[in-house]
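Opened a new model today and want to get my bearings.

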Amino acid sequence: MTDSYLLSLRDINYSYHTLFGETKVLDHLSFGVKEGEFAAIVGPSGCGKSTLLSIIAGLLHPEDGTISVNNPDGSFSYPRIGYMLQHDHLFEWRSVYNNVTLGLEIQNRLTDERKDYVNKLLSDYGLEQFKDKRPNELSGGMKQRAALIRTLALDPQLLLLDEPFSALDYQTRLSVSADICHLIRQTGKTALLITHDLSEAISLADRIIVLSKRPATVKCELPIRLTVKDHSPVAARNAPEFNGYFNQLWEEMKDEG
Ligand code: ADP
């Protein structure tokens, strides 16, 4: 594995231990994520994708293996992590604005500069006039946009996205994923997306990492190069290469179901 990776995972093993026994989830799993890259992880349900993100986020500790960091400035400090889940987890007792600034408030970083940044994102993504509303007055798509703005407000270096669109209906899913993809690319963030939707992975990611069934190991990695001028996820689905990638992924996944 080359040293150009921002984050390199090598030989990661992980098992859950319960009263009913041991479940081995990750088996000598190795891959890397490059600075500024949008990588997607696909794999059968229950293979260990969420466990893997929890390990990268530092919420779980691997039994074996190493995670090393190689920042562009040569430092080795662990990247600031932003974590976005399937559900928005917005607090109903706070306004939308007070939700998106909550992390900054807790970290005592609610500076004028961060407020300006948050206000710009709220305005760019159609939420400005909903700032003072409660989350239950927002549509599902607006809530996920608010959840992303809350995550970006803290200026993370690595965004972990665990099926962030899967609770949305198909049309909303396409438009929210387009916005989120645009926002991530515009800010140059490094992102790691878990999805079970192969088309979504192809239309959003620079590279797809395919995991085997549990205990998960990396089955293959597929770099995605689409010849479309407009890099929106909807346009990507019309790229001439799209079907080829889909069939390739389908072949890789069909033995793992
Ligand atoms: P995925 O995200 O790919 O669907 P998960 O990482 O959520 O998979 O889970 C991988 C496996 O670990 C599953 O078989 C799941 O049942 C098991 N698992 C997940 N969390 C726990 C836990 N806290 N205790 C015991 N087993 C767990």
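Predicted model: local features only at pLDDT ≥ 70, side-chain atom pairs only at ≥ 80, totals over all residues.

Started with the contacts of Gln 144, skipping its neighbours within four places in sequence: I get Met 84, Leu 85, Gln 86, His 87, Asp 88, Pro 164, Leu 168, Val 176 and Ile 180.

Buried or exposed, then, for Gln 144? I looked up its relative accessibility and found 3%, so Gln 144 goes down as buried, the cut-off being under 20%.

Next I checked what the side chain of Gln 144 does with its polar end. It reaches the backbone oxygen of Gln 86, at 3.4 Å.

Where does Gln 144 sit in the fold? I find it in helix H5, which covers residues 140–153.

I see Met 84 standing opposite Leu 161 in E6. E5 and E6 (residues 158–162) run parallel as a pair, with four bridges. H5 packs on the sheet here and touches both E5 and E6, its direction making about 165° with that of E5.

Then I traced the whole sheet. It is open and mixed, with six strands in the order E5-E6-E7-E3-E8-E9. E5 (81–84) and E9 (218–223) each have a single partner strand, so I logged them as the edges, with one side of each lacking a neighbour in the sheet. On average, neighbouring strands are turned by 15° against each other, direction ignored.

Last stop was helix H1 (residues 49–56). I have H1 lying across E3, E5, E6, E7 and E8, at about 155° to E6.

Methods:
Residues numbered from 1 in each chain as written. Heavy atoms only, no water. Helix = DSSP H or I, 4+ residues; strand = E, 2+ residues; numbered from the N terminus. Buried < 20%, exposed > 50% of the residue type's maximum accessible area, 1.4 Å probe, protein only. Polar contact = N/O pair within 3.5 Å; in protein donor to acceptor, adjacent residues only side chain to side chain. Contact = heavy atoms within 4.5 Å. Pairing = 2+ DSSP bridges. Axes fitted to C-alpha atoms, helices over the stretch in contact; angles between N-to-C directions.
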